[in-house]
Amino acid sequence: MAKDTPQTFYLKDYTPFGYDVESVHLTFRLSPETTRVLSKIRFAPKADAADKTFFLHGEDLQLISAKIDGQEVAPEVTDKGLSCDVPGAPFTWEAEVEINPAGNTALEGLYMSNRMYCTQCEAEGFRKITYYPDRPDVMSTFTVRIEGDEPVMLSNGNPMGHGEGWAEWHDPWPKPAYLFALVAGDLVNHPGQFTTKSGKVVELNIWVRPGPDEGKCAFGMEALKKSMTWDEEVYGLEYDLELFNIVAVDDFNMGAMENKGLNIFNSSCVLASPETSTDANFERIEAIIAHEYFHNWTGNRITCRDWFQLCLKEGLTVFRDAQFTSDMRSEPVKRIEDVITLRARQFPEDGGPLAHPPRPEEFQEINNFYTATVYEKGAEVIGMLKRLVGDENYYKALKLYFERHDGQACTIEDWLQVFEDATGRDLQQFKLWYSQAGTPRVKVSEEYADGTYTLTLEQSTPPTPGQPDKAPRVIPMAVGLLSPNGDEVRATEVLELTEAKQSFTFDGLAAKPVPSILREFSAPVILERDTTNAERAFLLAHDTDPFNRWEAGNALAKEVRLAMVLDGAAPDGAYLDALEKLVRDDDQDPAFRALVLSPPSQADIAQTLFERGYTPDPQKIYDAAETFTQTLAQQLETSLPRLYAATTVEGPYAPDADSAGKRALNGRILSLLTRLDGGEQAARQYAAADNMTQQYTALAALMKAEKGDAQSQAFFDQWNDDRLVMDKWFALQIACAAPQKTAATAAALTNHALFDMKNPNRFRAVFGALAGNHAGFHHASGEAYALLAENLIALDKLNPQTTARMCAAFQTWKRYDAGRQSLIRARMSRIAGAPGLSRDTNEMITRILDA
Ligand code: PHE
Ligand code: ZN
């Protein structure tokens, strides 16, 4: 197919495959450049099938032979797959293909990472392993024989036997091909065991390469056991095999993958030790282990009918892992963190050229739809549903979902039907959340007279690509009211906004109340409300909802910074006083205080300016952030040393949420202190640190102050043989660079001996940090745009999937001034015109350019 006419797939075109797949037998003869894959598949025509076309997907395969019922056949082969005349009755298909794992830098299908064989099949990678109906609604049992001289050879399900040079596996649970996995290499296991609530003993393993990684498995193993217990206790779901394997690989496009019984993890998402991982790493690892484990039911036992339904498994599983983290750690802190990421990643997507509904209706390359919208907004939609039907009904519906759909490949319609049947609620209008893109704006106005308070809510959603007009949605607005003296006069109540404009009244109030709206961030919307900084400060001090208390502080911080950017105002004194009071208030959770002390990101300020109709100036936003932090440090000057001492966590490192929260606060204080003491305290902390959190925090503070050269060198010398720690070192230099030096810093690092284009973690460390340094990336010179574009063009030849994802760095381009827009457009046009551009990258760049 020519590059300018890429194929588009549509939800409305869904047709079932005309054949059942009764069983799959695969034999792998492993060899780095010439692996042979022999398949033996039992097909049975479906009696009721409208379409009996026999087409098997296959890409980058060399077909050696094909047989039907033992007879050689000559299928018609294209670069997408093969078709063949087949019998009208059940038959056995056999094929032998050759593939080249060592040459597979796209990291999709069977590839090699660090001399180890591994696979990645979601979404459409199995077709790079053998010819197959590679679609999630085709489910079958897999029996796998691996032949090779690797010491450890794993696949899904249970081991059936092994000997010199071979191993056999059988997975009794029918599954789609995207959940297939194979791993082979020199690996050692960190073992564990779990007894399910019904008394079944499950053997657990985390597999790593021999060496230092062996000492980094204990935390992940504990997280796995906690996840297994939690899913039994909260959802009543038990594990269903005798074995659960996790393997850590260094080269991986995503975080991790839920292959049945054989999860494969990016090593950055499973390996942890106090010396090499920060508190944030520990929290993320616990969440991702839980996420992949939870997929066993929400994803594997019940899977997706087609890839348009991706949020059926991802939204639900993200929602479940967030519940888990809230239970293991702090519920409000987790909610605040999630909203920060939602606003940083999903809101820009939803408000720009890449906007799409949680259930998209068309795509060219499905890999481009593993997005914040499908994952995070998909989870928000479930959170709203739960709030609307109530906890009891939610779990009733989930129980019905598992009973009714176990073993099936389902749709969003099936999911909503379960809720309608379990609760009697009509979800017709709610369903718009799945089909409409864009972040709704909710405009708030209020009135008070004779003891009655009226809240009027008005919703509208800006146009998004392909969706100029939007119907009103059901928006659950959790609202409470405070009296002017700070008491709560109305506890939280969920107002259901269903119309474009609607009023809600509250009677019997002695005075005009202060509303606390969108508590717990009950819906992924943007609130528009005219209010004062005094009222925000009041809510920061008095709101009973911790999320909204943080939100009030965050909104206040934003207003202060916006006034600095737009009017050149000085940082608001009242706000600085409120912050100071909060920092010193030891009754407040340290993690919460750390969050309130973390200023809104510069990208967030830019986003807000854009939402309000201004053109953001990245340098001005940077300068305001610097001035603000410097002023805050000065305001706190006399108390900083004491606060630093009081929040320092003594004793051996433990990654628990409480200690992590204290270290987060301590880290914020250190970064302020470093602005005043020339880095003395940070240098002391760096020298004394016995864990990565404190080492990294000290290094970051020093580098930000341009006082960290010696420590940066020492850090490199200490850790240069640890890939994950080196990723931090690469990223930190770019994240801390001043705007005018950011691009040059990144460029120099791409010439470093340890820069490795083929390793997605390293590429992301450099270019993720570049795109994440707002003022540096958008520096008026345009150097950063050029550097990213050239490297994306180079990476596209090796790894289209990661290249395409990183194109999203350009998605906000229309926010900026004409000069920056034309610089970015020129760079994107260069990418678009690069010879042999992948379908993945082409789709992304085209969508962004068409904005
Ligand atoms: N399904 C994986 C998850 O969310 C993500 C993933 C997608 C991994 C595609 C690899 C490839 O857990
Ligand atoms: Zn997932």
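Helix 14, residues 618-635, gives the most to the lining of the second largest cavity: three residues. Keep in mind that this is a predicted model. Which other helices take part? Helix 11 (573-584), helix 12 (590-597) and helix 16 (657-677) each supply at least two residues of that lining.

Here is who lines it. By class, that makes eight nonpolar, two polar and one charged residues. The volume is about 50 Å³.

Now the largest cavity. How big is its volume? About 60 Å³. Its lining holds N114, M116, V208, R209 and D213, together with A248, V249, D250 and S267. Sort those by class and you get four nonpolar, two polar and three charged residues. In total, the count is five cavities of 30 Å³ or more.

Next, the metal. Which residues hold the zinc ion, ligand 2? The protein donors are H291 and H295, each through NE2, and E314 through OE. They lie 1.9 to 2.1 Å from the zinc ion. Along the chain, the donors follow the spacing H-x3-H-x18-E. Look at the second gap. H295 sits in the loop between helix 2 (279-294) and strand 22 (303-304), while E314 belongs to helix 3, residues 310-328. The two are 19 residues apart, so this pair links distant parts of the chain.

The cut-off for buried is under 20%.

On to the rings. How many aromatic pairs are there in the whole structure? A search finds 50. Take one of them, F126 with F142. Their ring centres are 6.1 Å apart. Their planes stand at 80 degrees, so the pair is edge-to-face. F126 is in the loop between strand 11 (116-120) and strand 12 (140-147), and F142 is in strand 12 itself. That is 16 residues apart, another link between distant parts of the chain. Both F126 and F142 are buried.

Last, charges over rings. R320 lies over the face of Y235, 4.6 Å from the ring centre. K386 puts its charged end over the ring of Y394, at 5.8 Å from the centre.

Definitions and conventions. Residues are numbered from 1 along each chain as its sequence is written. Chains are lettered from A and ligands numbered from 1 in the order in which they are written. This is a predicted model: local features need pLDDT of at least 70, side-chain atom pairs count only at pLDDT 80 or more; totals for chains, interfaces and linings use all residues. Side-chain values use heavy atoms; hydrogens and water are left out. Donors are N, O and S atoms within 2.8 Å of the metal (3.2 Å for Na, K and Ca); water is not among the atoms, so sites may look incomplete. Helices (H or I, at least four residues) and strands (E, at least two) are DSSP runs, numbered from the N terminus. Buried means under 20% relative accessible area, exposed over 50%, partly exposed in between (1.4 Å probe, protein chains only). Rings of Phe, Tyr and Trp (its six-membered ring) pair if their centres lie within 6.5 Å; planes under 30 degrees apart count as stacked, over 60 as edge-to-face and the rest as tilted. A charge sits over a ring if NZ of Lys or CZ of Arg is within 6 Å of the ring centre and within 35 degrees of the ring normal. On a 1 Å grid over the protein atoms alone, a cavity is a set of points where a 1.4 Å probe fits but cannot get out, and a pocket is an open set with protein on both sides within 12 Å along at least five of seven lines; lining residues have an atom within 4 Å of a point. Grid points are joined across faces, edges and corners, and a volume is the space filled by probe spheres set on the points. Ala, Val, Leu, Ile, Met, Phe, Trp, Tyr, Cys and Pro count as nonpolar, Asp, Glu, Lys and Arg as charged, and the others, Gly among them, as polar.
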